[in-house]
Protein chains: 2
Amino acid sequence: MTRPGGRSARVRDAVHDAVVELLAAGEIDAAIPKIAERAGVNPTSIYRRWGSRDALLLDAAVTRLRSTSPIPDTGSLRGDLLGWADGVERAMRDRHGQILLRALVATLRPDEKPLEYLRARGDDLQATLDKAEARGEPVPSVDEVLDFVLAPFYLRVLFRRPVEPGTGTVLVDRLLTARRADPAPSAGRGG
Amino acid sequence: MTRPGGRSARVRDAVHDAVVELLAAGEIDAAIPKIAERAGVNPTSIYRRWGSRDALLLDAAVTRLRSTSPIPDTGSLRGDLLGWADGVERAMRDRHGQILLRALVATLRPDEKPLEYLRARGDDLQATLDKAEARGEPVPSVDEVLDFVLAPFYLRVLFRRPVEPGTGTVLVDRLLTARRADPAPSAGRGG
DNA sequence: CTGCTAAAGCAAGGGGCTTTGCTTTAGAAT
DNA sequence: ATTCTAAAGCAAAGCCCCTTGCTTTAGCAG
């Protein structure tokens with residue numbers, strides 16, 4: 001991306017938009033020529049830039065999901081996690097968010113290493129937990145946060161069960177209550 | 001399936017095998033002619049029977065996953081859940097199980113109703129919980145079981161994080177401990 | 001303003017997926 | 001054993017995806 005502004009960025013955004021719109025419209029297996037037409041772009045541009053439909057879908061999903069649900073800094077672990085979980089909840093209740101998550105999972109290859117983007121989100125979470133620990137709060141591990149909060153959201157979306165409003169709060173409360181009740185059994189941190 | 005035994009079943013199994021083998025071999029987007037060749041079957045047979053590659057993958061995944069991890073009847077809720085969770089853990093540590101789960105999620109369409117097969121597994125779980133309740137044990141809801149046990153397994157597999165041995169026990173313990181510590185906040189049952 | 005170059009557009013060709021009408025086979029029924 | 005039929009196999013044709021070499025454009029640099 002030596003020319004991030006200008007035409008290059010315009011085409012990229014148009015193509016990403018086209019992908020999301022087509023998926024949202026039920027055109028699940030629209031191929032590259034169809035995406036290009038929707039984006040008002042020449043198919044060759046997509047082939048040259050992304051190489052394959054899956055690579056394009058993955059790029060679109062990661063790019064769009066990256067901007068959702070940052071972790072706030074509220075001064076308390078509970079506040080931070082609630083703020084983050086609310087953001088996740090909003091994304092997971094949103095049709096486009098659901099579609100992007102599904103596209104992300106569907107295009108991940110079983111044998112590759114975890115995505116850089118996912119590792120970064122884990123690091124953010126770890127930083128939040130470190131701050132809380134420095135304040136003297138009792139803190140769960142990143143794995144526990146993922147198990148208690150993120151996993152239930154993802155299960156609901158991927159298996160088409162409803163995400164009720166307030167789910168994020170329930171899940172964060174479960175996490176913090178469980179830690180208070182039983183600080184022992186879980187495994188160490190992790191990527 | 002008016003003729004479940006004989007050639008029909010043989011072809012079905014051969015095709016399902018071919019799907020799993022190709023996916024396991026990294027041939028993620030092998031199309032129907034390639035699957036047919038691997039199965040020693042004419043492509044037309046697949047087109048006529050399943051209609052599309054996605055329908056075939058979904059059928060293969062559901063058929064193969066249906067036979068894994070039944071819920072035992074041990075006389076205690078904890079025993080039942082541990083037995084079930086061990087089965088899930090075994091499937092999720094298995095390469096083929098991981099591949100089938102990924103295929104299942106990838107081929108689910110966002111707007112259709114939940115799978116009959118998934119509803120049936122939920123009913124099995126509910127029956128187990130009902131038995132425990134009749135014995136006077138404190139019981140979680142189906143949703144809580146899914147959140148605490150199944151969701152973390154699926155998150156690990158779908159996002160390519162390792163499933164450590166003993167994970168099932170840890171997750172079941174979390175579920176039962178949480179119920180003991182805080183019987184209040186969660187939502188009702190559900191499909 | 002002029003020149004440079006990365007990226008987008010264009011066009012043509014090959015290849016493989018998918019469809020469809022017909023034939024053949026194998027399992028079930030009588 | 002004979003008959004019947006659902007399902008599998010075969011062959012050919014159309015379609016569309018993908019590739020590739022070349023041309024054009026638009027943004028940045030001097």
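The crossing of helices α1(B) and α2(B) is right-handed in this predicted model. Helix α1 of chain B spans residues 7–24 and helix α2 of chain B spans residues 32–39, and their axes come within 8 Å of each other while crossing at roughly 115 degrees. Since angles from 65 to 115 degrees count as roughly perpendicular, α1(B) and α2(B) are therefore described as roughly perpendicular to each other. On the side of α1(B), the contact is made by B:Ala14, B:Val15, B:Asp17, B:Ala18, B:Val19, B:Glu21 and B:Leu22, and on the side of α2(B) by B:Lys34, B:Ile35, B:Arg38 and B:Ala39. When the residues of this contact are divided by class, seven are nonpolar and four are charged, with no polar residue among them.

A further helix pair in chain B is formed by α6(B) and α8(B), whose axes lie 10 Å apart and which pack at an angle of about 95 degrees. The helices α6(B) and α8(B) are therefore also roughly perpendicular to each other. Here B:Gln98, B:Leu101, B:Arg102 and B:Val105 of α6(B) meet B:Tyr154, B:Val157 and B:Leu158 of α8(B). The contact of α6(B) with α8(B) comprises five nonpolar residues, one polar residue and one charged residue.

The contact between the chains takes 35 residues from chain B and 36 residues from chain A. On the side of chain B that touches chain A, the elements that give two or more residues are α6 (95–107), α8 (142–158) and α9 (167–181) of chain B. Of the residues on this side, the largest share comes from α8(B), which gives eight residues. By class, the side of chain B that touches chain A holds 21 nonpolar, four polar and ten charged residues. Of the interface residues of chain B, 100% are also interface residues in chain A, so the copies meet through the same surface.

Taken along the principal axes, the C-alpha atoms of chain A fill a box of roughly 60 × 40 × 30 Å. The mean pLDDT of chain A is 91, and 92% of the residues of chain A reach 70 or more. Over residues 183–191 of chain A, however, pLDDT stays under 50, and for this stretch the model has 18 contacts beyond four places in sequence.

How values were computed
Residues numbered from 1 in each chain as written. Chains lettered and ligands numbered in written order. Predicted model: local features only at pLDDT ≥ 70, side-chain atom pairs only at ≥ 80, totals over all residues. Contact = placed C-beta atoms within 7 Å. Helix = DSSP H or I, 4+ residues; strand = E, 2+ residues; numbered from the N terminus. Nonpolar A, V, L, I, M, F, W, Y, C, P; charged D, E, K, R; others polar. pLDDT = per-residue confidence, 0-100. Axes fitted to C-alpha atoms, helices over the stretch in contact; angles between N-to-C directions. Parallel < 35°, antiparallel > 145°, perpendicular 65-115°, else oblique. Left-handed = near helix turned anticlockwise from the far one by under 90°.
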